[in-house]
Amino acid sequence: MGSETPLQLPTIDFSKLADDQLNPSTLQEWSSVKAQVQQALQEYGCFEALFNKIPLELRKAVFGSLEELFQLPLQTKLRNSSKKPFHGYVGQYPMVPLYESMGVEDAPNPEKVESFTNLLWPQGNPNFCKTIQSFSEKLSELDHIVRRMVLESLGMGKYLEEHIESTNYLLRVMKYKGPQTTETKLGLNAHTDKNIVTILYQNEVAGLEVQTKDGGWINVKPSPHSFTVMIGDSLYAWANGRLHSPYHRVMMSGNETRYSVGLFSIPKEGYIIKAPEELVDEEHPLLFKPFDHVQFLGFYYTEAGQKAESALKTYCGV
């Protein structure tokens, strides 16, 4: 019997999209890519994106910056604090001893990145600052494209401006120590993201796994040429279940350190996530009551939220 080919996430090429959206050939390309995005997000909730707006040198520089950042003393890293869950420094957790992460709020904004940098390097660190800000700013372009395609696919293009304006960005930088064993160890528990869209870029150390709708797991093979784009519970709720928000986890083995960086588009505090009435009908009854993402996040990190099979359904399911 022949061995089955392991499942892979779809790969979608955004590199051919020109800046001029009015060009007829570009419109044709846009429609083609948009259809692929819609299909991937319905079936898997994520895909691999080829996006050439970020030069390879800048991508490599990001991992150099992450190494420099995580080498700082613990007391220094703890300065990265936030009242919002998972926005500041996270580490020293017995359940996930390999995992450590930090958050840069509004990372595409030069002033915000400079203030984060000066918090950790009072003497300044211009290279780190420029690398993180440039990378975040360029990656936010991909986020905008994906979200525009999603809304257009749903026939909800008229909401695009409000949708984009309703979010901020958080850049989370993550480090997973190699467990120094060939046995597979848990790097990060299986979870769905709670935000709108997540775009991950990782060094060439495997670990990310995405769960399929039938409960299997896809090992995401890291590549320097692609980004993993994934939707979260907030977009799933807004689309009234027409897209899929996938469970994913990190499983580690071997000696190498895994670095990954994720740009998260996150609903602003006070903004109410509510499925447009056009997306609610007999075939698609309303799944979730309107909710504030930050309050939902607060519930998710309670004991009840952590125990729930679906925190979103428990919190605001109809």
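**View 1. An open sheet of 4 strands.** The strands of this open sheet, 4 in number, follow the order β5-β10-β7-β8 and pair in the antiparallel sense. At the edges stand β5 and β8 (217-219), each with a single partner strand, so one side of each has no neighbour in the sheet. Direction ignored, neighbouring strands here are turned by 25° against each other on average. Strands are DSSP runs of E of at least two residues, helices are runs of H or I of at least four, and both are numbered from the N terminus. Two strands count as paired if DSSP finds at least two bridges between them. This is a predicted model, in which local features need pLDDT of at least 70 and side-chain atom pairs count only at pLDDT 80 or more, while totals for chains, interfaces and linings use all residues. Residues are numbered from 1 along each chain as its sequence is written, and side-chain values use heavy atoms, with hydrogens and water left out.

**View 2. Strand β10 and its partners.** With β5 (residues 181-191), β10 pairs in the antiparallel sense over 5 bridges. Along this pairing, Lys 185 stands opposite Met 252 of β10, and His 191 stands opposite His 248. With β7 (residues 208-211), β10 has an antiparallel pairing over 3 bridges. Here His 248 of β10 is the bridge partner of Val 210.

**View 3. His 244 in its loop.** Look for His 244 in the loop between α7 (233-238) and β10. His 244 has a relative accessible area of 18% and is therefore buried (buried means under 20%, exposed over 50% and partly exposed in between, with a 1.4 Å probe and protein chains only). Leaving aside residues up to four places away in sequence, His 244 touches Leu 41, Gln 42, Glu 43, Tyr 44, Gly 45, Gln 211, Lys 213, Ile 231 and Tyr 236. Contact means heavy atoms within 4.5 Å.

**View 4. Helix α2 against helix α5.** The axes of α2 (residues 56-70) and α5 (residues 126-153) come within 9 Å and cross at roughly 130°. That angle makes α2 oblique to α5. Axes are lines fitted to C-alpha atoms, for helices over the stretch in contact, and angles run from 0 to 180 degrees between N-to-C directions. Angles under 35 degrees count as roughly parallel, over 145 as roughly antiparallel, 65 to 115 as roughly perpendicular and the rest as oblique. From α2, the contact includes Leu 58, Ala 61 and Val 62, and from α5 it includes Phe 128, Thr 131 and Ile 132. The contact residues divide into 8 nonpolar, 3 polar and 1 charged (Ala, Val, Leu, Ile, Met, Phe, Trp, Tyr, Cys and Pro count as nonpolar, Asp, Glu, Lys and Arg as charged, and the others, Gly among them, as polar).

**View 5. Helix α4 against helix α5.** The axes of α4 (residues 110-120) and α5 come within 9 Å and cross at roughly 140°. This makes α4 oblique to α5. Pro 110, Val 113, Glu 114, Phe 116 and Thr 117 of α4 meet Phe 128, Cys 129, Ile 132 and Gln 133 of α5. Their division is 6 nonpolar, 2 polar and 1 charged.

**View 6. Ser 153 in helix α5.** Our last stop is Ser 153, found in α5. Ser 153 is partly exposed, with a relative accessible area of 22%. Not counting residues up to four places away in sequence, Ser 153 touches Lys 34 and Gln 38.
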